[in-house]
Amino acid sequence: MGDALASTEWGEPRSRTVTWHDPSKPAAASQKMSGLDYLQAMAAGTIPAPPIVGLIDAQLASVDSGTAVFTLEPNESHFNPIGAVHGGIICTLLDSAAGCAVHSTLPRGTGYTSIEIKVNFMRGVTLDSGRLTARGWVKKPGRRVAFAEAEITDESGKTVATASSALLVFDIPS
């Protein structure tokens, strides 16, 4: 097997470097801010994004109360075995948009976690899809459970996937 991968028929290996900051420090900072203030600071670059954002090479483009927008430029590191963007990348982007939309409505000292997500994949995503935009919005806020939806469109504005999500809301002990 090692000899097959050393063959030049596969071309030169490619690589990508992922860097991140200690995630415990921004998490601690989040306890002192409302969800909206925290996410707006992250979008502005004054608080580092969590490692998953760098891992999938996404960006939190904007956030307002009840809404969040992420962008992602598909690249080869996102590919599944058939040369299309893996559904897990799409699901992660949808989960991030829906979750951050809910996070933007939460007061200081409150956290959330996804408890259910339903994803509809509507078209394949390739490099030709161009920049993806994931928009999340709160459908129903809640003190214990919140509901959000998200949609990803490609560069031409076509919807590639949608999601509905339920998120558990809880107090974070200090």
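**A close look at one helix and its surroundings**

Leaving aside neighbours within four places in sequence, I152 is in contact with I90, L93, L94, L132, T133, A134, K158, T159, V160 and A161; contact means heavy atoms within 4.5 Å. The model is predicted, so local features need pLDDT of at least 70 and side-chain atom pairs count only at pLDDT 80 or more, while totals for chains, interfaces and linings use all residues. Residues are numbered from 1 along each chain as its sequence is written, and side-chain values use heavy atoms, with hydrogens and water left out.

I152 also belongs to the largest nonpolar core, which has 38 residues; F70, I90, L93 and I152 have the most contacts inside this core. A nonpolar core is a set of buried Ala, Val, Leu, Ile, Met, Phe, Trp, Tyr and Cys residues joined through side-chain atoms within 4.5 Å. Buried means under 20% relative accessible area, exposed means over 50%, and partly exposed lies in between (1.4 Å probe, protein chains only). The elements that give two or more residues to this core are α3 (35–44), α4, β1, β2 (67–72), α5, β4 (132–140), β5 (145–153) and β6 (159–171). Such helices (H or I, at least four residues) and strands (E, at least two) are DSSP runs, numbered from the N terminus. Helix α5 gives the most to this core, with nine residues.

Helix α5 is therefore the part to examine, since 12 of its 17 residues are buried and the helix is largely enclosed by the rest of the structure. Those buried residues are I89, I90, L93, L94, S96, A97, A98, G99, C100, A101, V102 and H103. An α-helix has 3.6 residues a turn, so residues three or four places apart point the same way.

Two cysteines come next. C91 is partly exposed, with a relative accessible area of 23%, whereas C100 is buried, at 10%. The sulfur of C91 is 14 Å from the closest cysteine sulfur, in C100, which is too far for a bond. A disulfide is counted for a pair of cysteine sulfur atoms within 2.5 Å, and by this rule the count comes to zero.

The backbone oxygen of V102 lies 2.6 Å from a polar atom of the side chain of T105. This is a polar contact: a pair of N or O atoms within 3.5 Å, where within protein one must be able to donate a hydrogen and the other to accept it, and residues adjacent in sequence count only if both atoms are side-chain atoms. T105 is partly exposed, with a relative accessible area of 34%. Apart from neighbours within four places in sequence, T105 is in contact with S65, G66 and V138. The C-alpha atoms of T105 and Y38 are separated by 11 Å, although these residues are 67 apart along the chain.

Finally, an unreviewed UniProt entry places the feature "domain: Thioesterase" at residues 83–161. UniProt positions are given in the numbering used here, feature names are shortened, and annotations may be inferred rather than shown by experiment. Residues 83–161 are 22% helix and 42% strand, and the end C-alpha atoms of this span lie 18 Å apart.
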